Amino acid sequence: QVQLVESGGGLVQPGGSLRLSCAASGPIFTMYSMGWYRQAPGKQRELVAEADHYGTSNYDNSVKGRFTISRDNTKNTVYLEMNSLKPEDTAEYYCNADVQEGILGPRNEYWGQGTQVTVFS
């Protein structure tokens, strides 16, 4: 079983910055995409940013130019650098990973437990 452990959420004022981290552990043979989703109260979970194992990144339009996703494949860790934060960025942020477990193992999708980001003035 692969586990994702997130850290780095918190309270910040508008215009501030936070850095989220998500470390994956377990029987990981190949880590395909890793990404971040968020869910605000009363809203559906939405993709924020994702990065595949080729180094290609994809961002939601609302965060382009402000957020940066990066991966450290040696540590099976994904980061989300969030700058110029806005109140509308307030949400629970979830790490997501698409993993092949073992050379002949299954390919599964995993979620972290979530970390709260609150942007307030």
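β3 and β8 run antiparallel and are joined by 6 bridges. Strands here are DSSP runs of E, at least two residues long, numbered from the N terminus, and two strands count as paired if DSSP finds at least two bridges between them. Across this pairing, Leu 18 stands opposite Met 82 in β8.

Before going on, the ground rules. This is a predicted model, in which local features need pLDDT of at least 70 and side-chain atom pairs count only at pLDDT 80 or more, while totals for chains, interfaces and linings use all residues. Residues are numbered from 1 along each chain as its sequence is written, and side-chain values use heavy atoms, with hydrogens and water left out.

Now the other neighbour of that strand. β7 is joined to β8, residues 77-82, by 6 bridges, and these two are antiparallel. Met 82 in β8 has Phe 67 opposite, and Tyr 79 in β8 has Ser 70 opposite. The two strands form a hairpin with 4 residues between them, and Asn 76 in the turn has a positive phi of about 50°.

Putting the strands together, we get an open sheet of 4, in the order β1-β3-β8-β7, with antiparallel pairing. The edges are β1 (3-7) and β7 (67-72); each has a single partner strand, so one side of each has no neighbour in the sheet. On average, neighbouring strands here are turned by 15° against each other, direction ignored; the axes for that angle are lines fitted to C-alpha atoms, and angles between N-to-C directions run from 0 to 180 degrees.

How much of β8 is buried? 5 of its 6 residues are, so to speak, under cover by the definition of buried: under 20% relative accessible area, with exposed over 50% and partly exposed in between, using a 1.4 Å probe and protein chains only.

On to the core. A nonpolar core here is a set of buried Ala, Val, Leu, Ile, Met, Phe, Trp, Tyr and Cys residues joined through side-chain atoms within 4.5 Å. The largest one has 31 residues, and Trp 36, Leu 80, Met 82 and Tyr 93 touch the most other members. The largest share, 5 residues, comes from β9.

Take Tyr 93. Contact means heavy atoms within 4.5 Å. Leaving aside neighbours within four places in sequence, Tyr 93 is in contact with residues including Leu 20, Trp 36, Val 48, Phe 67, Leu 80 and Met 82.

Next, the disulfide, defined as a pair of cysteine sulfur atoms within 2.5 Å. The whole structure has 1. Cys 22 is joined to Cys 95, with S to S at 2.1 Å, and the link is left-handed, with -80° about the S-S bond. Cys 22 lies in β3 and Cys 95 in β9, so the pair ties together parts 73 residues apart in sequence. Cys 22 is buried at 0% relative accessibility, and Cys 95 is buried with a relative accessible area of 0%.

Last, the aromatics. Rings of Phe, Tyr and Trp (its six-membered ring) pair if their centres lie within 6.5 Å; planes under 30 degrees apart are stacked, over 60 edge-to-face, the rest tilted. There is 1 aromatic pair. The ring centres of Tyr 37 and Trp 111 are 4.9 Å apart with planes at 65°, so the pair is edge-to-face. Tyr 37 is buried at 19% relative accessibility, whereas Trp 111 is partly exposed at 35%.
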